[in-house]
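Here is a briefing on a predicted model.

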Amino acid sequence: MTIFDIPASAPSALQVVWLLLVAVLWIGFFFLEGFDFGVGMLVPFLGKNDQGRRVVINTVGPHWDGNEVWLLTAGGAMFAAFPGWYATLFSGLYLPLFLVLLGLILRGVAFEYRSKVDSKAWRTRWDWILAIGSFIPPLVFGVGFANFLKGLPVGPHTTAFGTEVTLYTGTFWGLFMPFCLIGGLLFVALFLTHGAFFVGLKTRGEIHDRAQKFGGTLALITGVLALALVIWGNMAYSLPGQLSWLRLVAWITGIVAIVCIAFAWFMNSKDRDGWAFIGTALATVMLVVMFFAHFYPGIGFDNSVNTGLPIDLTTASSSPHTLTLMTIAACIMVPIVLIYTVWSYFFVFRRRLDTKNIPSLDVTTAA
Amino acid sequence: MSPDTIARWQFGITTVYHFLFVPITISMSVLTAVLQSAWRKTGKDAYLRLTKFFGRLFLINFAMGVVTGIVQEFQFGMNWSEYSRFVGDIFGAPLALEALIAFFLESTFIGLWIFGWDRLSKGVHLATIWLAAIGTFVSSIFIIAANAWMQNPVGAVYDPAKGRAQLDSLLAVLANPVFLTQWPHTIAAAFLTGGAFLAAIALYLLVKKNKEGAPAADLTAYRKAVKLGAWVLIVAGVGSVITGDLLGKEMVQTQPTKMAAAENIQESFADGQAPFQLLPGVDLFPGFLNWLYGTDHIQSVPDLEKQFLENGYMQFNSSTGKPVEGNTLQTEFASSLKDNNISLIQLVCGTDPTACPNAVPNQGVAFWSFRLMIGVGMLAVLGGILMLIWTRKDKIPNPSAGMTLFAVLMPLLPLIANSFGWIFTEMGRQPWIVNGVMPTLQGLSPSVGVGPVWFSVIVYTLLYGVLAVVEVKLLLKYIKLGLPDEVTVSVKEEAEPLSFAY
């Protein structure tokens, strides 16, 4: 047996391409929104006064909205390329996704409205709304992805109209198994670290130093959680049909992720902000790859107890016609999006900020 | 309430609420870009100050549009999983492309515009607001194409093996006559909204600041904004009438029940004498409807329902006055019903036929929402004309309670008209979620219980209510501040304060 064996009902090349593209979109989302979730959670802790908090918020000011679009695109791509995945997953995880939406609504409004009124009570309230709104989505996504790695239980269902569909059969509370809670905590800790290192990279002075200190401690916690998740996840869970070489990929990427976190911690302690941030960024990428290595071919569903139609890469997908059109669009658009995103980050908003850069209150509220 | 009723309420609440912000974003991004272009071209300070002033109001509104928009993308899968499964091959693509092409452009360049005043050259900075505006336009194209497909599902075939609709021709989806008329109608309505917003706020300030003895430069700037807004409002009003008429003619053919219900047609006409009813049962101008919809034949709601129940969903040929087969998907669906001996009513109503005895939309809602959309929208246009009259030559109206009330009502009128427009569009399509192909009831998520939907609809409503209060308070606060002082725009050194920060 070679390690590159192909299962009997092999998904088409287009279906594999779209699994990879969906993975790329989730990677983009966690890489980018990951640090602005972290920044949002850290605002009340890193900034000792309003000026300080504003420095922290403004590190992601021009970017958070664009970062969030990666999630919308990932959701849209799942809908378009794998309607069965989108339908069963989003309806199955109704309450968790509702919590994510609440978090995203609250934090988005907080970013925009916090600075609009010059009152301590107003701003403190929005700081905490921002922090909580930035905390819920990573927690839920972490719990969710750990559940996908385990495999969400699905089963057949006959609708009132006589059609056979495959639906989530678990419960809301069933999502919170210990392994999955580790996933949630890991995402929170990882993005806190990622966010702290981003603030370290983008600021000077007091805020910078505090972010470094926070980041060092958080990296250690993240490392321990990642170790637990990678070992437990890869040892205990393998869904039917998973290819042996993909199991190997999951192990390797998981371990590389832990190494990246250690590297980030080390570089942070050596005052190398850029490398520390790259460390947590790579750790995020590697972890998402690890999860997706478990999603082939079952896209995060456990069909082993499913007596109906299995829901996987093949059965959940759109027609070749739609996938082809979407592939053309993605090949043109993704590079263009990357070009202007890079331009925004690396050319326009390159500078570090400190409290001296924050305009006085009357400039923002009255001018 | 049954699960589908609650889920529909949720969709209605979240979508109508979202669409309060959308038309302002579409039109105000363009109008802000126009003001900034005017500044770049003329160098006049007034235009820069107007750009900054209306730009900020635009952003307060934009934030709400963004956060409520995320809910839209997710709720198809959450509340309407079987709809999503059935239509994903066609409907998913525009949503994905909307995010990929439009949302990235819009959000990245809005960020660059907000924070880029002192970091980009004037030309590049101006380009960022135009690119953001283009993003909002592209977004509207995709989402209206998707909605128009639900009204008239062209370019698709039925795949019996997978039990779902599949894309046959993307070109046909984009050439959908409903889309080609619905999109311009939506855009016209957006500019009607933005024009009213701009003009009414500027008029309020013109009157108020004149009384307070503001400098002539300020008054000139407000006057420019009143004129710009009022003209945009009036031209967009004319545009919405023309596009609305074209859309109505398409809908008479593709969604005959929707239009028959909207005009309260209870008996069919084949003689070109169908009267118009301003109020239910009050017949005016025999033949007006025939002229309006370009046909001698107008079918009644009961006749249409009878045809549907006998033959499955039919469209209407306005030149022969006969019911005809629908598009491919509708025809295939109707014949599959016949082959499997399933009655339409059974399909539309599920296991409990007494719960929904009709295969037609709620006629009262269709009739009144249609009239309120047109009536309130036209009232806004009238307001635009009044504003031009009140400010003609160098006139400035005197402050009065009536004037303030006028300024408060003006921006609300188009928002109300838009909301009724969508209520009419969506409720007029009932009992279908995909017209003539998938009953709404069938699109519901079977795995979501009544409890979670109740929970989410209550929390959304409360949260949206609170956010509406906050947003209005902020808008009023910044409107009352009026134009910012003369502003300078310069590229800053590293240690200087930024010209904008959160």
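Chain A and chain B bury about 7,600 Å² between them, with 71% of it on carbon and sulfur atoms. Buried area is the accessible area (1.4 Å probe) that two parts lose on being put together, summed over both. This is a predicted model, where local features need pLDDT of at least 70, side-chain atom pairs count only at pLDDT 80 or more, and totals for chains, interfaces and linings use all residues. Residues are numbered from 1 along each chain as its sequence is written, chains are lettered from A and ligands numbered from 1 in the order in which they are written, and side-chain values use heavy atoms, with hydrogens and water left out.

**Contact between the chains**

- Chain A gives 87 residues to the contact and chain B gives 88 residues; contact means heavy atoms within 4.5 Å.
- There are zero salt bridges between chain A and chain B (a side-chain nitrogen of Lys or Arg within 4 Å of a carboxyl oxygen of Asp or Glu).
- Between chain A and chain B, 24 residue pairs are in polar contact, both residues at pLDDT 80 or more.
- A polar contact is a pair of N or O atoms within 3.5 Å; within protein, one must be able to donate a hydrogen and the other to accept it, and residues adjacent in sequence count only if both atoms are side-chain atoms.
- Elements of chain A that give two or more residues to the side touching chain B include α3 (64-81), α5 (94-113), α6 (120-150), β2 (164-168) and α11 (320-348).
- That side of chain A divides into 52 nonpolar, 26 polar and nine charged residues.
- Nonpolar here covers Ala, Val, Leu, Ile, Met, Phe, Trp, Tyr, Cys and Pro; charged covers Asp, Glu, Lys and Arg; the others, Gly among them, are polar.

**Strand pairing in chain A**

- Three strands of chain A form an open sheet in the order β2-β1-β3, with mixed pairing.
- Strands are DSSP runs of E (at least two residues) and helices are runs of H or I (at least four), numbered from the N terminus.
- Two strands pair if DSSP finds at least two bridges between them.
- The edge strands of chain A are β2 and β3 (301-302), and each pairs on one side only.
- Strand β1 (residues 152-158) of chain A pairs with β3(A) in the parallel sense over two bridges, and A:Pro153 has A:Asp302 as its bridge partner.
- The hairpin of β1(A) and β2(A) has five residues between the strands, and A:Gly162 takes a positive phi near 85 degrees.

**Hairpin in chain B**

- Strands β1 (residues 156-159) and β2 (residues 164-167) of chain B run antiparallel, joined by four bridges.
- B:Val157 has B:Gln166 as its bridge partner.
- Four residues lie between β1(B) and β2(B), and B:Gly163 in the turn has a positive phi of about 65 degrees.

**Backbone exceptions**

- Most residues other than glycine have a negative phi, and most peptide bonds are trans.
- A:Tyr296 and A:Pro297 are joined by a cis peptide bond, with omega about 0 degrees.
- A:Pro297 lies in the loop between α10 (273-293) and β3 of chain A.
- A:Ile299 sits in the loop between α10 and β3 of chain A, and its phi is positive, near 40 degrees.
- The peptide bond from B:Gln430 to B:Pro431 is cis, with omega near 5 degrees.
- B:Pro431 is in the loop between α14 (401-427) and β7 (432-434) of chain B.

**Aromatic rings**

- The count is 73 aromatic pairs over all chains.
- Rings of Phe, Tyr and Trp (its six-membered ring) pair if their centres lie within 6.5 Å; planes under 30 degrees apart count as stacked, over 60 as edge-to-face and the rest as tilted.
- B:Phe58 and B:Phe62 form a tilted pair, 5.8 Å centre to centre with 45 degrees between the planes.
- Both B:Phe58 and B:Phe62 lie in helix α2 (residues 45-79) of chain B, four residues apart, about one turn of the helix.
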